[in-house]
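Thanks for coming, everyone. Let me put the structure up, and then I'll walk you through a few parts of it.

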Amino acid sequence: MLQKRAQINVTLYVSRIMLRAYTHPLPTKPRVKIITAMDDFEILTGDSLAVLPTLAAETVQCCVTSPPYWGLRDYDHPAQVGAEPSPQLYVENLVAIFREVRRVLRKDGTMWLNVGDGYARNGGTGNCGPNAVVGNTKKLIQKRNCKVPDCWGLKDRDLMGLPWRVAFALQSDGWILRSKITWIKKTAMPESVKNRPTTATEEVFLFAKSPTYFYDSNGVRETSGANLRNYWMLGPDPNGNGHPAAFPRELARRCILLGSRVGDTILDPFGGSGTTGLAAIELGRKAILIELNPKYARMGRERTKHGTQARLEAINS
């Protein structure tokens with residue numbers, strides 16, 4: 001699905017007190033960018049599989065990301081992840097992308113991955129639930145979702161188990177699967193189903209690059225002071241940014257606090273509206289985001305600009 005390119009334009013939005021944008025051709029050799037205290041955030045616009053190889057190896061401490069869910073939304077780009085003809089190809093694409101993420105992680109780095117699930121269906125998609133027709137679900141995706149994928153022995157109305165299929169595929173590719181966190185949604189998407197419970201959770205996986213990795217158990221604690229448990233009850237952020245699938249900032253914040261130190265670099269290869277970058281800046285980290293759609297990259301630029309300014313004002317006050 002991913003097309004080879006002789007050259008791609010990579011747009012970098014560099015965060016200072018005011019952010020500036022500029023473009024340059026993709027270099028043939030990995031590009032090493034020195035990030036200083038006043039230059040601690042950038043968005044690279046392009047295909048993650050093409051942009052990640054331009055980043056230097058072992059320069060990122062922690063990756064926090066949520067790729068587009070398979071077959072749910074259309075992000076208006078021919079190279080988008082999630083629009084593959086089958087969920088099997090979706091898993092294969094994610095494995096290839098996260099192989100590059102593993103390369104850029106430090107030896108003690110971690111990856112925190114949120115992946116959504118869905119149902120195999122013969123028939124309509126409905127108005128609610130994982131196969132719901134949402135505002136930017138295009139007709140081709142709706143049509144594809146009306147047919148059970150020809151893989152994994154799936155049958156009509158099967159829960160596809162995509163989060164675990166991705167997790168096991170990454171494990172086979174070399175990642176160390178360390179934990180599964182259940183994200184319990186305070187406000188779940190309504191479902192009109194009467195033959196199963198309403199879905200109100202998603203999975204967040206903690207992967208490590210090596211057996212010895214950085215994890216700050218004091219970064220986030222239970223209110224009792226005990227070690228943080230592997231279920232997080234989180235509500236949605238006010239979604240006024242125009243992105244159809246922004247995850248809660250508190251989710252990104254927890255992953256960053258547990259998986260990095262102040263001054264470390266955080267990566268999100270599916271930057272979206274910039275939630276990971278915003279949380280990273282607020283916590284005194286550096287951030288590199290990759291976003292395929294220029295519209296969402298601009299969105300992330302604007303959101304993070306305000307976060308960066310607030311951070312600088314706090315440091316200088």
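Let's begin with Thr 110, whose bridge partner in strand E7 is Ala 208. Strands E5 and E7 run antiparallel and are joined by six bridges; for two strands to count as paired, DSSP has to find at least two bridges between them. On the names: helices (H or I, at least four residues) and strands (E, at least two) are DSSP runs, numbered from the N terminus.

Quick caveats. This is a predicted model, where local features need pLDDT of at least 70 and side-chain atom pairs count only at pLDDT 80 or more, while totals for chains, interfaces and linings use all residues. Residues are numbered from 1 along each chain as its sequence is written, and side-chain values use heavy atoms, with hydrogens and water left out.

Back to the strands. E7 also pairs with E6, again antiparallel, over eight bridges, and there Lys 180 stands opposite Phe 205 of E7. Buried here means under 20% relative accessible area, exposed means over 50%, and partly exposed is in between (1.4 Å probe, protein chains only).

Over in E6 you'll find Ile 184. Ile 184 counts as partly exposed because its relative accessible area is 23%. Ile 184 and Trp 232 are 48 residues apart along the chain, yet their C-alpha atoms are separated by 5.8 Å. Leaving out residues up to four places away in sequence, Ile 184 touches Ala 200, Thr 201, Tyr 231, Trp 232, Met 233 and Leu 234; contact means heavy atoms within 4.5 Å.

Now the aromatics. A search of the whole structure turns up six aromatic pairs. Rings of Phe, Tyr and Trp (its six-membered ring) pair if their centres lie within 6.5 Å; planes under 30 degrees apart are stacked, over 60 edge-to-face, and the rest tilted. One of the pairs is Phe 98 with Phe 270, edge-to-face, at 6.2 Å centre to centre and 70° between the planes. That pair links distant parts of the chain, 172 residues apart: Phe 98 is in helix H2, and Phe 270 is in the loop between strand E9 and helix H6. Phe 98 counts as buried because its relative accessible area is 0%, and Phe 270 is buried too, at 13%.

Another edge-to-face pair is Trp 175 with Phe 207, at 6.0 Å and 65°. Here the partners are 32 residues apart, with Trp 175 in the loop between H4 and E6 and Phe 207 in E7. Both Trp 175 and Phe 207 are buried, and they belong to one aromatic cluster together with Trp 164, Phe 168 and Phe 205.

What about the core? The largest nonpolar core has 36 residues, and Tyr 90, Phe 98, Val 101, Leu 170 and Leu 267 touch the most other members. A nonpolar core, by the way, is a set of buried Ala, Val, Leu, Ile, Met, Phe, Trp, Tyr and Cys residues joined through side-chain atoms within 4.5 Å. Which element gives the most to this core? That's H2, with eight residues.

Last stop, H6. Seven of its eight residues are buried, including Leu 278 and Ile 281. After H6 comes Gly 284, with a positive phi near 80°. That's my tour, thanks!
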